[in-house]
Amino acid sequence: MGQTLTEKILSDHLVEGELTPGEEIGIEIDQVLMQDTTGTMVWLQFEALDLDEAQTELAAQYCDHQTYQFDFKNTDDHRFLRSAAGTYGAHFSRPGNGICHNVHKENFAAPGKTLLGSDSHTPTPGGLGQLAIGAGGLDIAVAMGGGAYYVEMPEVVNVRLEGELPEWSSAKDVILEMLRRETVKGGVGKVFEYSGPGAESLSVPERTTITNMGTELGATSSIFETDEKTKDYLERQGRGDEYVELTADDDAEYADEIVIDLSDLEPLIACPSMPDKVVPVREVAGKKVEQVLVGSCTNGGYEDILPAAKMFEGREVAKHLEMIVAPGSKQAGEILAREGWTAEMMAAGVNVSEATCGPCIGIGHVPASDSISLRTFNRNFEGRSGIEDDNVYLCSPQVAAAAALEGEIIDPRDLADELDDLEAPGVELPDEYDGSKTDLIYAEDAIDDDLIKGPNIGEVPLQDPLGADISGEALLKMEDNITTDHIIPATSDILKFRSNIERLSDFTLSRVDETFAQRAKEAGSGVLVAGENYGQGSSREHAAMCPMYLGIETVLAQSFARIHKANLFNFGIVPLAIDEETYEKLEQGDDIEIVDDVAEGVKSGQEEFTIRVNGDWEATADLHASERERRILTAGGKLPLTKQQAEGG
Ligand code: F3S
């Protein structure tokens, strides 16, 4: 039987297990990437593991999420990251050089290689045939030390794209259509492999918009076959020699097939506050808009900003709104500036920002209260923009620019009817991506050979080995789809403590219950209760590390998001699955006792544990864990386990 493209790349990198969906496999990692908010912990953990040098073919550290250096903490963090990259042999991308996924795509992403990144949108370079997966920081540290990365073998689903995109529709509409059909849970345990004539018609930047937002489907990764378009893109980036032809076998068997006819797609928009609340733009047309942003790792490329810039040329954005363009990389910004588009946009009333994630996580350009913000980003979780009751819509650059010109949400086709001279903007790739490399400090040119730690760089917290009794009070009961943004918000006032767990943990779950951290500290231990898809969103391991620091030993949830579940194991928190009836019955404040000897049960492969609530009623909670994950839990987390193994324990 033939293989899918995903299976081919995994076979080439397999070090443990078999490619049977649902089974755990260990794979060798060729490249790792880190961003600034997760990177400090990766390097502190790398240091704690007593490792000398990055063992992967390539390691790259980016400074992108928090580039506005409000006070010394962010600047100290960036200096620490530069020193760590230099000390351990990684490339370093300075603040302002761009978002990790964009800069990695431009400079390092390579077809057929595996990439592990401490950011959930790491799958972005799947658009040029790289198998890229997001993971927690500790997994990155271990992979960078030469260890395998373990993941459940995903099901591979073929997404067959037919036809060609009509005018005014874009790659963003392809992935919004996927979200409309499959929802934010539809990709869990899956890799989406795109193929067909429609896929061939898309450029690499269009493909990476789709693979980037596969994360919002909950997918392990998304990938396109490589072809002339991939080769052409790499050549324009000056890396044509890295091209490899990669296709699935003709007789490859997929777990499922989804067919999308691109010619049927109309401009779509995701309504507040979930990326899968997708409707045609015309259904929400007429709503007044007060802020529009074009940028992010999804639509911050030269090819994304160019259509908007063309629409702005010789026109003005509506006076009552703020229109911001934040290029995803300095390369994109430089080319737009050289070609004169930056001046055109500025003349039209656009505020051109530095290349940063910033507003995507509420750092800068926070919307006004009770207003609508249209963004070309990938997430619109409530509060992520920096204000609790936000109204963030997600759309393509074309739809965003149309709204900025009209002052309200409008289908760009209707705007084109209104304005005689507005034509659908074509998207051409530049002959050569000739942005400078000034802000990349290659490993071989490192300027530091020792770690520089400022006062805000803390210690890596360690957990004791798992005990027999992990009973405690249900300190918090939460609903479905709790995101890592709920657990540890990524806003600037909080994120600046990312390297200081003692201080950061004070904000744990503060967006759900402000008293939580204090109550957890007083209790000294406790249990969290949640509904479906607990921990969806980012790869932020702080969302497991901080609860661990506060003494949380188990989470009872109906289901867990993939990366977060791995992070819970990594930090010694037992993730137990409960059914809906148990969830409904449980109440905050309940006294939860796990009747079994937990340490013994975890070690011996026990799957069902009995919980007794208030000494009154009992239910079953399931532990779905591989042998390796059980060893991690038993040791109190992956860091203590890896240290034990290194010491021969
Ligand atoms: Fe940055 Fe937002 Fe992407 S935080 S990495 S632009 S999802």
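**Entry 1: the sheet.** What is the order of the strands in the open sheet of six strands? I read S7-S6-S3-S4-S5-S20, and the pairing is mixed. I keep in mind that this is a predicted model. I then looked up the edges. They are strand S7 (131-134) and strand S20 (440-441), and each pairs on one side only.

**Entry 2: strand S3.** I went on to S3, residues 31-34. Are its residues Gln31, Val32, Leu33 and Met34 buried or exposed? All four are buried. Gln31 and Leu33 sit on one side, Val32 and Met34 on the other, and both faces of S3 are covered.

Next I checked the partners of S3. Strand S4 (residues 58-62) runs parallel to S3, and four bridges join the two. Within this pair, I found Leu33 opposite Ala60 of S4. From S3 the chain passes through helix H2 (residues 36-48) and on to S4. This β-α-β crossover is right-handed.

Strand S6 (residues 114-117) is also paired with S3, again in the parallel sense, with three bridges. Here I noted Val32, whose bridge partner in S6 is Leu116.

**Entry 3: the domains.** I took the bounds from the domain assignment. It lists domain 1 (5-263), domain 2 (281-410) and domain 3 (472-646). I looked at the first two as a pair. How far apart are the C-alpha centres of domain 1 and domain 2? They lie 25 Å apart. Domain 1 puts 25 residues into the contact, and domain 2 puts in 24 residues.

Which helices supply the domain 1 side? I found helix H4 (100-107), helix H6 (171-182) and helix H8 (204-212), each with at least two residues there. H4 has the largest share, four residues. I sorted that side of domain 1 by class as well: six nonpolar, 14 polar and five charged residues.

**Entry 4: the ligand shell.** Which residues surround the ligand? I listed His65, Ile99, His101, Asp119, His121, Ser296, Cys297, Cys357, Cys360, Ile361 and Asn378. By class, I get five nonpolar, five polar and one charged. Asp counts as charged, and Asp119 is in the list.

Which domains does the shell draw on? I see at least three residues from domain 1 (5-263) and at least three from domain 2 (281-410).

Conventions: Residues are numbered from 1 along each chain as its sequence is written. This is a predicted model: local features need pLDDT of at least 70, side-chain atom pairs count only at pLDDT 80 or more; totals for chains, interfaces and linings use all residues. A residue is near a molecule or strand if its C-beta atom, placed from the backbone, lies within 6 Å of it. Domain bounds come from an automatic or database domain assignment. A residue is buried if 20 or more other C-beta atoms lie within 10 Å of its own, exposed if 12 or fewer, and partly exposed in between; C-beta atoms are placed from the backbone. Two strands pair if DSSP finds at least two bridges between them. A crossover is right-handed if, with the strands pointing away from the viewer, the path from the first strand over the helix to the second runs clockwise. Two residues are in contact if their C-beta atoms, placed from the backbone, lie within 7 Å.
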